Amino acid sequence: MAKPKVTSVSNLKFAKEPELSTTDPLPERESTYSLKNIWIVSFTLKALLVVGYHSTDFDVHRNWLAITHNLPISKWYVENTSQWTLDYPPFFAYFEWFLSQMVPDFVKRDGCLDIVEKGQYGLPTVYFQRLTVIVSELVLFYALQWMIDSSPNFPAKRRTYVAVGSLALSPGLLIIDHMHFQYNGMMYGILLLCLNCARLKRYLMCGFWFSVLLCFKHIYLYLAPAVFVFLLRAYCLKLNYNKKRNVFVNLISFVQWGNLLKLGSVVIAVFTIAFLPFIYYGVGPNLISRLFPFSRGLTHAYWAPNVWAIYSFADRFLIQIYKRIPISRYPLQRLFQFVPELLENDELLKSSTRGIVGDIEFFILPTITPKLTFLLTFFYQIMSLIPLFVQPNYRRFIGALTLCGYASFLFGWHVHEKAILIVIFPMTLLVARDRKLLAPYSLLVACGYGSLFPLIYTSNEWLVKVLYTLLWYIIFYFNLRKVVPIPKKFEAYGGGGIILDRVINGYILGFIVVVTFTSLLDLLETRYTILQNFKFLNLMIYSVYCGVGIISSWNGFYWLYFVDESIWSGDDV
Amino acid sequence: MAKPKKRTSSSKKDTFKEVSNDIPKVSSPKQDPPKSIFKDSPVYDLLHYFEKAPVQWEARYILVLTAVLLRSAVGLGGHSGYHTPPTFGDFEAQRHWMELTINLPISKWYYFDLSYWGLDYPPLTAYHSYLLGMIGSFINGSWFSLDESRGMETDGLRFFMRFMAIASELVLYIPAILTIANILGKKFNINRMDQIIISLVIINQPHLVLIDHGHYQFNSVMLGFFVYSVIDLIKNNLYLASIWFVSCINFKQMGLYYSLFIFFYILSQLKSFSGFILVGLTVAITQFVYLLPFILTKPESVLQIVLRVFPFNRGLFEDKVANFWCTTNVLIKYREIIDAAQLPKLALLATLLAVIPANVYLFFKIRSRPSTKIQGLIYGFSLNSLSFYLFSFQVHEKSILIALIPILLLLLIDHKDIDIIQWINNVGTFSLYPLLKKDELIMQYFVSNFLINWLIGPKILLQKKYSLNTVVVWGTYLLMIVYHVIDATMSPPTRYPDLWVILNIAISFAGFSYFWLWLVYKIYKL
């Protein structure tokens, strides 16, 4: 009898909650906010996934184990028996060497450490390498737990816990690390160590961890401008102009020379440890050419959902228009100045729709050069660095990192869909700060994680990847809304904001339709063989849909970064 | 009830205003009175964000999605008879039934090539296979083409089969458990969060997950029918309950383990002779409807179904199973002492001896004290099915599932027994270990066992009070660990290649017997 009353009371309470959320009553159960249970429960899932699908990246890393175990340091970046040559920076090579020392005998006998063209291995190798991923991910959990523990007060701890929990359980890491096979968990763990040092104003350690990270995986160079400007401004410069002294003295005293020296020596020391052995053996040039191969195409076989995906789509679209509507030929020709003979060649067109690297990529629209992509990336990165230079606090720093990540992902040359994590990770740290950030965040994670689905194309894993992402989204969609404080001006900002929220949620729900549709295309292709011609269409739908989503979320975030001052002033999260 | 409570809470509020502004204390009287029994367990720690009434539906969604996720992740492992031609295993049997039902007329279903996985389950399984076969052959015709598809195990087919096992469970078993948790939760005043947690514990038990989604079978369908039948028995819809129950035994004949008790129970609930006739008629008509397609096409195939479904010409037990006959067979060789034709009778006698006294006792107990009706119902099913597993003829190791489901439902009646109930479920999964080892599901076995036990937490499962139960529980766990260490490190002596399996069934049998006694004791104390 009493029950309905009780629920209605708490119902009321819940309805009121959003406005009160900053003064939300403490939960009855004094929680310590430990990630231990989350780790254990995710561990069981990862363990079950061990025997599932893994990509060729598995053999890549196996080959690296073999190279570092069997050869002297001088040969590491020279060896090329297998096509999977070592092309990560030295720390990662050392890391592989360290792992190869752990390989037990029965795994060695399984062929784990053989330098061969194509790996011949069985379950023991799979178990061993999967286990190294799971264990190395503890770095991430350590960093996340540290973020919670070092939060100043209870509401901040609670907010951080939810945000950080979403990273600990990230479907991106599950798909890329534990299904596809890579070591991103550890890499992002190091990145978060660096970021938390920045929050705690331990700038020297921040610089240290970031250089370590760069020596593990050089994709993080994309974030380097933000880190550089932040450390320069917050640690090495002190911009107070003293009118009594002359300009030159003032300029010199702007720089905090002691700090600059300390930071510089830390960074140089890290890079020396990483690269010196290779320079000593004279394989420095080999190393560099391995790290920066410039022979790849603009887009990957599966277009990462960025600006170039939309651009390629526009090209394909125009080709169809050109072919089907004769009247359009002349204006198109005049407008884009392309070579019409190329379009007559069906062979060529077909090969380009398969997205094979190195082919002609655009038939109607102008070709994109690496220089252009570089300039665009650089331009948008610089834009985001200016506010950071003016206001060098933690929140600005994370915002700038996010935008640097966005710029590199959206405009970069030969971007992989996996690189979306470089945007999602920093942004998640901010999202618990302000309700306004939730909209671009939801769009980003839904489209970003969703765009990873084609990476795992095997049918057996279909249910796992889709369900896990859905489950993750449901859990964190609701929980973030519970803990994120609502700014006072939110309602004033609101009117249009609420409609925008609806549109965004609609777009995200639309993704379910995309997944269903593309899966049906896959499912029925043996029955209706004509569907096999649409394999590329399938991937294109994913890229374009997710691309539009990610670009929109970028717009939303960019807007808030430049316009909404209230989010960015302050050091806490 | 509501009025005095309201008054106390408001008056308390007033006093609190004077004393302090401590927020949590004010809100606590509003909460549901029974505290969660899972307070200290990791599963509560993970789910307590969804404790408030308006967000509990999220917890339910999460529960269902996690259950499916667990099943699909377990499904990445091996299935029975993977890569073992020429006969493969249960997976191939299920696939083959889909193949033959969609390609042959109904009259031939129970006659077709009996030596290669001939259909030997009752009609509902055949219809179910037909339905899935039609869906499958719509997607890919080669999966179920007659004779040519034998032994097929491509990735696409595997995923289709796994998906269908999950879908079948999602349609019947999982909603059934959620419903019964809700109904019994209201009756026994279990707080909403605990209902969800108990459903989670029941749904994610490793034995069912590993057998249905690892080894590959459709036990969840039969068990779903059974749980629905229990639900209607609780609601006192005897006719609907009998329809569910007939469906249950028409899906898998093993459902008959429950039949004796459901007979006693329905008898105890009937007020008049006409009711008895009506229930009888419901059963007969349902059964008739299920057989109708066979009767219309080829009447004598009904007899063939019975012969196929009840193979009395087979052994006393199948393979190695932790029941009375197989375990004592190590010492007494029944086949040498007793004529093979007499064995079924002996088994029947033993089974009846094990259940009839308790059933009669429960019959009178329920009639005299209707308040114990629900407890009696579930205890009765538990004892009956366990006795059938222990003593009846031609038992498979997988049949333990049939006993474990009603035992799990006991959690909803008295959650204080969770330590011993989870213990017997662990023993049950343990007894399946030799089978799972053959299917290369060892990792999945350890992981799923770890998951469920860790979720409930050692504080609840390994209690430190001194009682016979605790001693037995700790002792068995110790023996299991020793067993797994031996199994992993040593190979059995060449003279007795089955020694480890026998060790396994001996431990399991001891556990089952103890639990059987415990059930008898509980029924006596009811």
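Mentor: Axes here are lines fitted to C-alpha atoms, for helices over the stretch in contact, and angles run from 0 to 180 degrees between N-to-C directions. With that in hand, and keeping in mind that this is a predicted model, consider helix 11 of chain A, residues 203–216, and helix 14 of chain A, residues 257–280, which pack with their axes 9 Å apart and at an angle of about 25 degrees. Angles under 35 degrees count as roughly parallel, and helix 11 of chain A and helix 14 of chain A are therefore roughly parallel to each other, while their crossing is right-handed. On the side of helix 11 of chain A, the residues that meet the partner are Tyr203(A), Leu204(A), Gly207(A), Phe208(A), Ser211(A), Val212(A) and Cys215(A), and helix 14 of chain A answers with Lys262(A), Leu263(A), Val266(A), Val267(A), Val270(A), Phe271(A) and Ala274(A). By class, the residues of this contact between helix 11 of chain A and helix 14 of chain A divide into 11 nonpolar, two polar and one charged.

Turning to the domains, chain A is divided into domain 1 (51–136), domain 2 (154–235 + 370–568) and domain 3 (299–367). The centres of domain 1 of chain A and domain 2 of chain A, taken over C-alpha atoms, are separated by 30 Å, and 14 residues of domain 1 of chain A are in contact with 18 residues of domain 2 of chain A. On the domain 1 side of that contact, helix 3 (56–70), helix 4 (90–102) and helix 6 (123–136) of chain A each supply at least two residues, and this side of domain 1 of chain A has eight nonpolar, five polar and one charged residues.

Conventions:
Residues are numbered from 1 along each chain as its sequence is written. Chains are lettered from A and ligands numbered from 1 in the order in which they are written. This is a predicted model: local features need pLDDT of at least 70, side-chain atom pairs count only at pLDDT 80 or more; totals for chains, interfaces and linings use all residues. Domain bounds come from an automatic or database domain assignment. Two residues are in contact if their C-beta atoms, placed from the backbone, lie within 7 Å. Helices (H or I, at least four residues) and strands (E, at least two) are DSSP runs, numbered from the N terminus. Ala, Val, Leu, Ile, Met, Phe, Trp, Tyr, Cys and Pro count as nonpolar, Asp, Glu, Lys and Arg as charged, and the others, Gly among them, as polar. Angles under 35 degrees count as roughly parallel, over 145 as roughly antiparallel, 65 to 115 as roughly perpendicular and the rest as oblique. A crossing is left-handed if the near helix is turned anticlockwise from the far one by less than a right angle, and right-handed if clockwise.
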